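Trainee: I have a model open in the viewer and I'd like to learn how to read it. Can we go through it together?

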Amino acid sequence: MEVPLFKVFMSPEAGQKVCETLYSGWIGQGSQVELFEQRLADYLGTRQVVTVNSGTAALQLALKLVCQSGQEVIVPPLTCFATTAAILANGLRPKWADISLKTFNVDLDDVERKLSPTTRAIVLVHLGGLPVDLDRVADIQRTCHRKFGFTPAVIEDAAHAFGAEYRGRKLGTHSNIVCYSFQAIKTLTC
């Protein structure tokens, strides 16, 4: 027996739009993707939006841009396995930082303790739409620079935080790489 946990809302116009896209000849890249990226940029309040096929692919690409094989990435263990899978797919070494029992987001004090000369990125997960304290993360980046001479990149996994804000600005506008997902169980389904 199948037990439905949720039913994804579908607009009555969705079928027509899918057909229009399929018959346009542009099912991978084209005017609809460009329109989607522009509307996302407008909504988020940023100019830099690139869409890929999945949140996992976005994380993999982000890590590939900022790390080299064998480097260390600090990440919380309380997340979808896709977050860690993106680290492993790039030949990187995950270093798990504990979570805060108050927020269930990563414990930023533990992130700071886990910094090392091989840390090249910190992956944050905004769990359940609750943003991580990005001001404290910037302090941790400065601490790393003072101690080891470099600033680790920050990649935000905002798969479950589309529309969330930190200090009145949407996630995606705080100078970090932010990865959203529009998979079936996310805030916005595409």
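Trainee: Which helix and strands do the buried residues of H4 pack against?

Mentor: Before that, some ground rules. This is a predicted model, where local features need pLDDT of at least 70 and side-chain atom pairs count only at pLDDT 80 or more, while totals for chains, interfaces and linings use all residues. Residues are numbered from 1 along each chain as its sequence is written, and side-chain values use heavy atoms, with hydrogens and water left out. Now, contact means heavy atoms within 4.5 Å. The buried residues of H4 pack against helix H3 (55-66) and strands E1 (72-75), E2 (93-96), E3 (119-125) and E4 (153-157).

Trainee: Which residues of H4 are buried?

Mentor: Buried is under 20% relative accessible area, exposed is over 50%, and partly exposed is in between (1.4 Å probe, protein chains only). In H4 (residues 81-89), the buried ones are Ala 82, Thr 83, Thr 84, Ala 86 and Ile 87. Just after H4, Gly 91 takes a positive phi of about 70°. Across the protein chain, 41% of the 190 residues count as buried.

Trainee: How many helices and strands does the protein chain have?

Mentor: Helices (H or I, at least four residues) and strands (E, at least two) are DSSP runs, numbered from the N terminus. Here you get 6 helices and 7 strands, in the order α-α-α-β-α-β-α-β-α-β-β-β-β. The radius of gyration is 18 Å, close to the 16 Å from the globule rule for 190 residues, so the chain is as compact as a globular protein of that length. That radius is taken over C-alpha atoms, and the rule is 2.2 Å times the number of residues to the power 0.38.

Trainee: What about contacts between residues at least 6 apart in sequence?

Mentor: Of those contacts in the protein chain, 53% join residues at least 24 apart.

Trainee: And how many disulfides does a search of the whole structure find?

Mentor: A disulfide is a covalent bond between the sulfur atoms of two cysteines. The search looks for a pair of cysteine sulfur atoms within 2.5 Å, and it finds 0 disulfides. For Cys 80, the nearest cysteine sulfur is that of Cys 179, 13 Å away. For Cys 179, the nearest is that of Cys 67, 12 Å away.

Trainee: Are Cys 80 and Cys 179 buried or exposed?

Mentor: Cys 80 counts as exposed, at 53% relative accessibility, whereas Cys 179 is buried, with a relative accessible area of 4%.
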